[in-house]
Amino acid sequence: MTDRVFGDPVPDGAPRRPGIGYIWDAQAEEWVFSKARAYYEIRKKRDRLLAETDYTQMPDYIASNPDMTEAWRQYRQALRDFPETCDPQNPVWPEKPQKKKGVE
């Protein structure tokens with residue numbers, strides 16, 4: 001695996017990456033935590049989660065699911081704020097609103 005933006009190429013047989021934000025340091029021959037890499041990965045996941053919930057902000061969704069409208073709005077705001085408020089070494093993601101019986 002080669003990481004052209006962060007770190008050095010990872011050699012075959014290297015230990016498994018310990019988590020998000022870690023890059024391979026060829027001189028030390030170990031994974032090291034990179035705050036920049038962690039925030040890059042956090043923002044990438046956050047953007048995907050926001051895109052997956054875009055439909056909840058459409059007028060026809062709001063009209064058919066008024067009970068969930070505010071829950072989705074709060075969840076999406078928490079996602080937008082997440083990179084600035086999380087611990088990059090141990091991100092705890094906001095929870096998606098739970099579907100109510102008979103309503104999404």
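The model is predicted, so local features need pLDDT of at least 70 and side-chain atom pairs count only at pLDDT 80 or more, while totals for chains, interfaces and linings use all residues. Residues are numbered from 1 along each chain as its sequence is written, and side-chain values use heavy atoms, with hydrogens and water left out.

From the N terminus on, the elements run β-β-α-α-α; helices (H or I, at least four residues) and strands (E, at least two) are DSSP runs numbered from the N terminus. The C-alpha atoms fill a box of roughly 60 × 25 × 25 Å along the principal axes. Buried residues, those under 20% relative accessible area (1.4 Å probe, protein chains only), make up 30% of the 104 residues.

Helix α3 spans residues 66-85. A bend of about 30° occurs in α3 at L79, and the proline P83 follows within four residues; the bend is the angle between axes fitted to the seven residues ending there and the seven starting there. Among the buried residues of α3 are R76, F82 and P83. The cover over the buried residues of α3 includes α1 (35-52) and α2 (59-64).

The largest nonpolar core has seven residues: L49, L50, Y61, M68, W72, Y75 and L79. Such a core is a set of buried Ala, Val, Leu, Ile, Met, Phe, Trp, Tyr and Cys residues joined through side-chain atoms within 4.5 Å. Helix α3 gives the most to this core, with four residues.

Conventions
Expected span 1.5 Å × (residues − 1). Buried < 20%, exposed > 50% of the residue type's maximum accessible area, 1.4 Å probe, protein only. Contact = heavy atoms within 4.5 Å.
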